[in-house]
Structures are given as structure tokens and as C-alpha cells.
Amino acid sequence: TFLNKQKRLFFAVNIPAETKKRIAKELLTEVPSDKWRNVKTENLHITMRFLGHLPGDTIAKIEEQVSELKKFDSFETELAGVGHFKNRVLWLGVGKGSEELKLLSKKLCSLLEVTEERFHPHATLGRNKGSNAEETDFLIENLRKKWVSETIPVESIDLMESVLHKA
């Protein structure tokens, strides 16, 4: 069917496997699964731009549009700080390197000819499925004690597909 040809696409910075394991061990294990739906360890990343549902046959065109973005100088960014967006999304923030990520996001939007949205570099840890504001604040306080920071390289921005699963 037509819907099967649609892909949920986004651009992201991938996080090294060892760092993903550390995030899972130190943070995700502390997030109550009855209140939050955690991102799977292998799917942890820093989203640069969500594109939405697009026909699969547009992937080559999108890759071509952003090809010049492949030529940036690699830099380091620091995964630091834990927070949430309106008690809906739990995230691991970006410290050092966030300005470089913001510039890349701006360039990405320009190349894709899409309106630039407010960009807050982060790695989503989980989505709320029943945590009230007080519980979320307590959880974040706890996670901030467990995670100081980790520096990772930013060497590429990759076009990725998001496959939604009902939890």
C-alpha cells in the first residue's frame, strides 16, 4: 500500500556505542518503566532535524540536497545535563559543542529549504506515559547526580529512519 512507502525520516548525530552503553547503564536503568517509555539503547542519538513522513523514493534527493553538509570539520560535543520538555520528553542535553550543532542545524535547514525551528540539541531518553510533574522533577534530580558528562566526536550528520512501535 501507499503508506508502506512512507518513511519517518530525520537527521541525527550518532552517539558512539560505548557512550550509548554508559547512558543505558547510568541513566536509563534509573528511569521507572511504568512511568516512562525509554528509547532503546541502540537508538540513542542527537536529533538535528525531524523531517516527518516522506516517500521512500525522496531519500536520494534529500541526500543530494545536503551533500555539501558532509564536508564539515569534525568537532567534539559534550553530553551534559538532564532535563525535560514540558514533562513529556526526558532528555540528555549538550554542553560544549552546542553552538557548532546549532550552526549545523541552521545550515541543514537552509539546504533542505525548510523553515528553521527553535533547535535545542539533546538526546531523547524517554517519553512520559504517566509521570506527574513532581515525580519528573525528583527523577531529574536523581539523574543529574548520576551523570556528569561525556565528550563525543561529531563527525557526520546522518539521515535516519524512525520506526514507531506501540508500547
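## Close-up views of the predicted model

**View A. The buried residues of helix H4 (residues 98-112) are Ser 98, Leu 101, Leu 104, Ser 105, Leu 108, Cys 109, Leu 111 and Leu 112.** Viewed along the H4 axis, these residues fall within an arc of 160°, so they line one face of the helix. The arc is that of the directions from the helix axis to the C-beta atoms. Buried means under 20% relative accessible area, exposed over 50%, and partly exposed in between (1.4 Å probe, protein chains only). The face turned away from the buried side carries exposed Glu 99, Leu 103 and Ser 110. An α-helix has 3.6 residues a turn, so residues three or four places apart point the same way. The cover over the buried residues of H4 includes strand S1 (6-14), strand S3 (45-55), helix H3 (59-65), S4, S5 and S7. Helices (H or I, at least four residues) and strands (E, at least two) are DSSP runs, numbered from the N terminus. This is a predicted model, in which local features need pLDDT of at least 70 and side-chain atom pairs count only at pLDDT 80 or more, while totals for chains, interfaces and linings use all residues. Residues are numbered from 1 along each chain as its sequence is written, and side-chain values use heavy atoms, with hydrogens and water left out.

View B. At 1.5 Å a residue, its 15 residues should span 21 Å, and the end C-alpha atoms are 21 Å apart, which agrees. The expected span is 1.5 Å times one less than the number of residues. Just after H4, Glu 113 takes a positive phi of about 55°.

**View C. An open antiparallel sheet is formed by 5 strands.** Their order is S2-S6-S5-S4-S7. Strand S2 (36-38) and strand S7 (149-154) stand at the edges. Each has a single partner strand, so one side of each lacks a neighbour in the sheet. Neighbouring strands are turned by 35° against each other on average, direction ignored. S2 and strand S6 (residues 122-128) pair in the antiparallel sense over 3 bridges. Two strands pair if DSSP finds at least two bridges between them. The bridge partner of Trp 36 in S6 is Asn 128. S5 and S6 also run antiparallel, joined by 5 bridges. Gly 93 stands opposite His 122 in S6. In S6, 5 of the 7 residues are buried, so this strand is largely enclosed by the rest of the structure.

**View D. Helix H2 (residues 17-26) lies across strand S4 (75-85), strand S5 (89-94), S6 and S7.** H2 runs at about 150° to S7. Helix H4 packs on the sheet too, touching S4, S5 and S7, and its direction makes about 90° with that of S4. Axes are lines fitted to C-alpha atoms, for helices over the stretch in contact, and angles run from 0 to 180 degrees between N-to-C directions. Contact means heavy atoms within 4.5 Å. H2 buries Thr 19, Lys 20, Ile 23 and Ala 24. Seen down the H2 axis, these residues fall within an arc of 140°, so they line one face. They pack against S4, S5, S6 and S7. On the other side of H2, Glu 18 and Lys 25 are exposed.

**View E. Strand S1 pairs in the antiparallel sense with S3 and with S8.** The S1-S3 pairing has 9 bridges. In S3, the bridge partner of Arg 8 is His 53. S1 and S8 pair over 4 bridges. Here Ala 12 has Asp 158 in S8 as its bridge partner.

**View F. Ser 162 lies in the segment after strand S8 (158-161).** Its relative accessibility is 19%, so Ser 162 counts as buried. Ser 162 touches Arg 8 and Phe 10, leaving aside residues up to four places away in sequence. The side chains of Ser 162 and Arg 8 make a polar contact (2.6 Å). Such a contact is a pair of N or O atoms within 3.5 Å; within protein, one must be able to donate a hydrogen and the other to accept it, and residues adjacent in sequence count only if both atoms are side-chain atoms.

**View G. The loop between S4 and S5 holds Lys 86 and Asn 87.** Lys 86 has a positive phi of about 45° although it is not a glycine. Phi of Asn 87 is near 60°, again positive in a residue other than glycine. Most residues other than glycine have a negative phi. Lys 86 is exposed, with a relative accessible area of 72%. Asn 87 is buried, with a relative accessible area of 16%.
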